[in-house]
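Please open the model in your viewer and keep the selection panel at hand. The tour moves from one selection to the next and says what is to be found at each stop.

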Amino acid sequence: MEQQLVESAEKEYLRARKALDSGNVMAALLLLESALRHQDNPQWHAMLGYCIAKERGQVARGLELCRTALQQFPDNAEYYYYYGRLLLMAGQKAEAVQALRQGFACGESTSILKLLQDLGTRKPSPIHWLHRNNPLNKYLGILLARIGLR
């Protein structure tokens, strides 16, 4: 009986991964919660945290789940991917980039690389000898961007 529950939980987890990969976060969340009811596997908590934050808006709870997963399994690049996505949802871009880079160092992940490329890099300031935060640099950059020269 116990073995059947474990197998059922594994199957539901795999279905949840497929649903999440196809972009159906709600189905992934429901399948993952069902799988966790059968078997509480801490390796699934990072994905659960992402799904909870994405579907229910509980970003703080999602971040907490990802952090605990990362504490238990610090070498899993996939957990850093979910953690980075959650940090982006929370508006913490600098921390997200740091987490994604740390995850990429753990293992090369195409999803992490794609997300880092999508985030992009900053363009150099228009007047390079002035600091980036200088108002002249800021407004000149905005003006150049609007007229299409940047």
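Predicted model: local features only at pLDDT ≥ 70, side-chain atom pairs only at ≥ 80, totals over all residues.

Within α7, show the side chains of Ile112, Leu115 and Leu116, which are buried; viewed down the axis of α7, the buried residues fall within an arc of 100 degrees, so they line one face of the helix. Now turn to the face of α7 directed away from that buried side, where the exposed residues Thr110, Lys114, Gln117 and Asp118 are carried. Just after α7, select Gly120, whose phi is positive, at about 70 degrees.

Next, display the largest nonpolar core, which has 41 residues and in which Leu20, Leu32 and Tyr82 touch the most other members. Two or more residues of this core come from each of α1, α2, α3, α4, α5, α6 and α7, and the largest share, 8 residues, is given by α5.

Centre the view on Leu20: apart from its neighbours within four places in sequence, Leu20 is in contact with Val25, Ala28, Met47, Tyr50, Cys51 and Tyr82.

From there, select α1 and α3, where Tyr13, Arg17 and Leu20 of α1 meet Met47, Tyr50 and Cys51 of α3. How are the two helices, α1 and α3, angled as they pack? The angle between α1 and α3 is about 45 degrees, and their axes are 12 Å apart, which makes α1 oblique to α3. The crossing of α1 and α3 is left-handed.

Key: Residues numbered from 1 in each chain as written. Heavy atoms only, no water. Core = buried A, V, L, I, M, F, W, Y, C linked by side-chain atoms within 4.5 Å. Buried < 20%, exposed > 50% of the residue type's maximum accessible area, 1.4 Å probe, protein only. Helix = DSSP H or I, 4+ residues; strand = E, 2+ residues; numbered from the N terminus. Contact = heavy atoms within 4.5 Å. Arc of directions from axis to C-beta. Axes fitted to C-alpha atoms, helices over the stretch in contact; angles between N-to-C directions. Parallel < 35°, antiparallel > 145°, perpendicular 65-115°, else oblique. Left-handed = near helix turned anticlockwise from the far one by under 90°.
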